Amino acid sequence: MKMNELKLVYFSPTGTTRKVIMEAARSIDLKSVSFDFSVYKEKKPSLKFLPNDFAIFGVPVYGGRVPALFLEYLENIKGDNTPAALIATYGCREYEDALLELKTEVENRGFKVIGAAAFPTEHSIVPSIGSRRPNKADLKVIAEYGTELNRRLRKSESFDEFDIQVPGNSPYKKYGGSSLLPKADSALCTLCGTCAKVCPAGAIPLKEPKKTDHKKCIGCMRCVRSCKQKARAVSSMKMSILERKLNKVCQSDKTADIFL
Ligand SMILES: Cc1cc2nc3c(=O)[nH]c(=O)nc-3n(C[C@H](O)[C@H](O)[C@H](O)COP(=O)(O)O)c2cc1C
């Protein structure tokens with residue numbers, strides 16, 4: 001099949017998923033267009049992909065699931081038996097039902113999954129876990145995944161032959177939200193509004209960036225990473241409790257799982 005365009009559809013509050021998806025995309029011989037849903041959009045865009053487009057969907061794992069916010073964007077995206085590949089990044093604990101959920105949601109919207117992968121990365125809440133991953137060796141594995149996807153696109157006339165199986169259980173694991181929600185330190189905040197502009201959940205009012213709507217906040221850490229004044233942080237007590245807990249259940253040297 002003569003392929004049209006590579007569509008990169010992703011959610012990446014702290015930039016790791018973006019890095020991974022871009023590395024995979026480098027191996028695909030198609031011009032690409034990105035739909036980055038890490039910046040809040042009140043109105044979710046409607047997108048229709050062609051049968052000869054190729055889509056890569058990328059998400060971070062939150063509590064073993066696909067972030068609910070990404071699913072809201074996915075609702076308005078339609079494929080037409082469009083081939084697609086999946087990428088889940090996770091902070092070296094587990095990805096549990098996230099790939100199965102992503103696959104099911106993507107298939108329900110008219111895509112044909114021809115590959116799926118879960119890549120262990122730096123943990124966005126506790127960056128000492130999986131520190132600096134994806135590293136050089138990880139990038140090589142990610143590029144190889146991209147190369148195999150590219151080969152499939154080049155060789156196949158129809159994608160019906162692919163039957164990708166991923167681990168996970170349905171009903172999915174319950175996700176109750178993060179208990180680590182950042183706050184602004186009034187003494188340090190200069191009201192520059194950067195955090196409000198980058199918040200994926202629209203949880204920080206631009207006119208009052210010292211406030212956070214904790215009903216909307218998803219605890220993604222994007223505001224913490226983007227604040228030059230270091231005014232945004234989570235409670236240090238809660239953080240050290242989580243750090244201790246995660247250190248017991250995460251393995252910084254986990255390897256990628258690729259399903260082809
Ligand atoms: C709210 C939240 C929940 C998370 N849940 C998990 C999890 O269940 N398992 C895991 O291994 N990592 C988990 N992580 C870590 C992220 O999945 C991981 O760091 C990811 O690569 C971040 O991607 P990003 O940089 O594109 O935002 C979580 C991170 C956040 C902020």
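A salt bridge is taken here as a side-chain nitrogen of Lys or Arg within 4 Å of a carboxyl oxygen of Asp or Glu. The structure is a predicted model, in which local features need pLDDT of at least 70 and side-chain atom pairs count only at pLDDT 80 or more, while totals for chains, interfaces and linings use all residues. Residues are numbered from 1 along each chain as its sequence is written, and side-chain values use heavy atoms, with hydrogens and water left out.

Under the salt-bridge rule, the count comes to 17. One of these joins the side chains of Arg 65 and Glu 101, with an N to O distance of 2.9 Å. The pair links distant parts of the chain, 36 residues apart: Arg 65 is in the loop between S4 and H2, whereas Glu 101 is in helix H3. Helices (H or I, at least four residues) and strands (E, at least two) are DSSP runs, numbered from the N terminus. Burial is judged by relative accessible area: buried means under 20%, exposed over 50%, and partly exposed in between, with a 1.4 Å probe and protein chains only. Arg 65 counts as buried because its relative accessibility is 18%, and Glu 101 counts as buried because its value is 2%. Leaving out residues up to four places away in sequence, Glu 101 touches Arg 65, Val 66, Leu 71 and Tyr 172.

The helix that carries Glu 101 deserves attention as a whole. Eight of the eleven residues of H3 are buried, so this helix is largely enclosed by the rest of the structure. The buried residues are Ala 98, Leu 99, Leu 100, Glu 101, Leu 102, Lys 103, Glu 105 and Val 106. Their cover includes S4, H2, S6, S7 and strand S10 (257-259). Glu 105 forms a salt bridge with Arg 109, the closest N and O atoms being 2.9 Å apart, and both residues are buried. After H3 comes Gly 110, which has a positive phi near 90 degrees.

In soluble globular proteins, nonpolar side chains tend to be buried together. A nonpolar core is defined as a set of buried Ala, Val, Leu, Ile, Met, Phe, Trp, Tyr and Cys residues joined through side-chain atoms within 4.5 Å. The largest such core has 44 residues, and those with the most contacts inside it are Phe 57, Phe 70, Leu 99 and Val 106. At least two of its residues come from each of strand S4 (54-60), helix H2 (68-74), strand S6 (82-90), helix H3 (98-108), strand S7 (111-120) and helix H5 (194-198). The core also draws at least three residues from each of domain 1 (6-171 + 252-259) and domain 2 (183-234), the bounds of which come from an automatic or database domain assignment. Phe 70 shows the packing in detail: apart from neighbours within four places in sequence, this residue is in contact with Val 9, Tyr 10, Phe 11, Phe 37, Phe 57, Gly 58, Val 59 and Leu 102. A second, separate core comprises 23 residues, including Ala 24, Ile 28, Phe 54 and Ile 87.

Helix H1 (residues 16-25) is likewise mostly covered, with seven of its ten residues buried. These are Thr 16, Thr 17, Val 20, Ile 21, Glu 23, Ala 24 and Ala 25. Strand S1 (6-10), S4, S6, S7 and H4 are among the elements that cover them.

The loop between S6 and H3 contains Glu 94, which is partly exposed because its relative accessible area is 39%. Glu 94 touches Val 61 and Lys 254, residues up to four places away in sequence not being counted. Its C-alpha lies 9.8 Å from that of Tyr 62, although Glu 94 and Tyr 62 are 32 residues apart in sequence. Another salt bridge joins the side chains of Glu 96 and Arg 93, at 2.7 Å from N to O; Glu 96 is partly exposed, with a relative accessible area of 25%.

Methods:
Contact means heavy atoms within 4.5 Å.
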